[in-house]
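Subject: Structure handover

Hello,

Here is the structure for your files. My notes on it follow below.

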Amino acid sequence: MRIGILTGGGDCPGLNAVIRAVTKSLLRQCGAEVIGIEDGFAGLMGEAPRIRPLDWANVSGILMRGGTILGTSNRANPLRSEADTERTLAHARALGLQALVAIGGDGTMAIAHGLAQRGLPVVGVPKTIDNDIVGCERSFGFDTAVAIATEAIERLQTTAESHSRVMIVETMGRYAGWIALEAGIAGAADVILLPEIDYDIEAVAAVCRERAQRQRYTLICIGEGAKPVGGQQTVQAWLHDSPDPVRLGGVAHALRAALQPWLTCEVRATVLGHVQRGGSPTPFDRVLATQFGNEAALLVMRGDFNRMVTLHEGRLGSMALADVVHGTRTVPLDHPLLRTARQIGVSLGEP
């Protein structure tokens with residue numbers, strides 16, 4: 001067997017752990033030849049494919065490394081035109097690929113599904129710090145992002161208390177509030193604002209005023225996709241050549257500007273941004289990514305293609321790519337963590 005591996009979309013802690021596990025599992029269990037496709041789908045879209053061999057030595061020692069040794073691209077879309085699609089499939093045939101393991105988020109899974117419909121055997125591995133892929137209750141990279149955001153909230157607490165300030169921390173997450181919710185609870189935020197629940201600026205201001213009298217400071221954790229009642233999400237940029245053209249960001253500064261007139265204390269905003277994607281994965285993410293990679297290798301060996309590895313109710317499994325590509329896994333309004341937050345006195349910005 002000759003199997004290709006690529007990483008698509010944004011980088012994420014744990015990608016190398018997946019590459020390592022897929023490669024070692026295939027080498028050890030069926031003696032497959034494994035090749036890495038460089039820079040995501042872009043490595044199959046050019047005049048010539050960009051590849052590198054992956055053997056035992058090449059993937060040893062990369063478990064704890066952040067990023068991806070193969071490189072990635074969040075703009076390469078072989079489904080953009082018929083010519084791009086045909087070139088990608090032609091390169092896959094010329095390389096003799098009997099299957100492609102695509103590691104990425106919902107955009108990567110959508111592309112993988114499209115190529116699978118054109119005859120390329122594909123196995124998907126869910127990757128996102130946002131934890132928002134349909135059918136997968138926990139994706140690798142998420143735990144690391146939560147840990148980084150939690151540490152940031154903790155660090156901002158001391159400066160907030162020293163200066164009697166309101167400190168706003170913006171996390172990533174796109175249209176799902178998982179990072180903000182878990183980091184907010186873990187970091188003892190007083191207000192957690194999520195894309196799933198439109199916030200009322202008066203309610204947020206009331207919490208800040210009450211805490212100014214009692215605790216002298218307030219910590220607010222806000223997901224980048226959050227918006228006020230009757231308002232719009234804060235869009236940082238539009239990338240029209242990307243499979244996911246909308247780039248959210250800057251909502252913390254928008255909230256600061258809206259909140260400051262309601263308060264006498266100073267309001268400051270911190271946008272964590274890509275620091276949540278970088279660095280070494282947590283032990284949890286290393287273990288989860290290794291399990292995902294091994295499960296992907298098993299799907300390849302069984303010839304169970306056009307499916308994505310999943311984690312459901314704590315168990316590894318798989319689901320059809322066709323069931324993954326539509327929709328986003330957001331925080332349910334009846335989720336136990338929301339109930340917990342309310343019951344311990346955390347404001348969700350509700351009136």
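Two strands are counted as paired if DSSP finds at least two bridges between them. Note that the model is a predicted one.

Sheet

Seven strands make up an open sheet of mixed pairing, in the order S3-S2-S1-S4-S5-S12-S13. Its edges are S3 (51-54) and S13, each of which pairs on one side only. From one strand to the next, the twist averages 30°.

Some of the pairings in more detail:

- S1 (residues 2-7) and S2 (residues 33-37) run parallel and are joined by four bridges. Ile 3 has Val 34 as its bridge partner in S2.
- S5 (residues 122-126) and S12 (residues 307-312) are also parallel, with two bridges between them. Here Val 123 is partnered by Arg 307 of S12.
- S12 and S13 (residues 315-320) are antiparallel and share six bridges. Leu 311 is placed opposite Leu 316 in S13. The hairpin formed by S12 and S13 has two residues between the strands, and Glu 313 takes a positive phi near 55° there.

Helices on the sheet

Helix H1 (residues 15-30) lies across S1, S2, S3, S4 (99-104) and S5, at about 175° to S1. Helix H9 (residues 283-302) packs on the sheet as well, where it touches S1, S4, S5, S12 and S13. The direction of H9 makes about 140° with that of S12.

Cores

The largest nonpolar core has 90 residues; the members that touch the most others are Ile 5, Phe 41, Val 101, Ile 103, Val 125 and Phe 140. Helix H5 gives the largest share of this core, eight residues. Another core, of 20 residues, lies apart from it and includes Tyr 199, Ile 220, Val 251 and Cys 265.

Leaving out neighbours within four places in sequence, Ile 103 is in contact with residues including Ile 5, Leu 6, Leu 15, Val 18, Ile 19, Met 109, Val 125 and Phe 140.

Thr 128 sits in the loop between S5 and helix H5 (142-163). Is Thr 128 buried or exposed? Its relative accessibility is 7%, so Thr 128 counts as buried, the limit being under 20%. A polar atom of the Thr 128 side chain lies 2.8 Å from the backbone nitrogen of Asp 130. Not counting residues up to four places away in sequence, Thr 128 touches Cys 12, Ile 133, Ser 139, Phe 140 and Phe 142.

Arg 155 is in helix H5. Arg 155 has a relative accessible area of 58% and is therefore exposed, since that term applies over 50%. The C-alpha atoms of Arg 155 and Gly 187 are 9.4 Å apart, although 32 residues separate the two along the chain.

Cysteines

How many disulfides are there? The count is zero, with sulfur atoms required to be within 2.5 Å. For Cys 136, the closest cysteine sulfur is that of Cys 12 at 11 Å, so the pair is too far apart for a bond. Cys 136 is buried, with 1% relative accessible area. Cys 265 is in no disulfide either: the nearest cysteine sulfur, in Cys 208, is 6.5 Å away. Cys 265 also counts as buried, at 17% relative accessibility.

Regards

Definitions and conventions. Residues numbered from 1 in each chain as written. Predicted model: local features only at pLDDT ≥ 70, side-chain atom pairs only at ≥ 80, totals over all residues. Heavy atoms only, no water. Buried < 20%, exposed > 50% of the residue type's maximum accessible area, 1.4 Å probe, protein only. Polar contact = N/O pair within 3.5 Å; in protein donor to acceptor, adjacent residues only side chain to side chain. Contact = heavy atoms within 4.5 Å. Core = buried A, V, L, I, M, F, W, Y, C linked by side-chain atoms within 4.5 Å. Axes fitted to C-alpha atoms, helices over the stretch in contact; angles between N-to-C directions.
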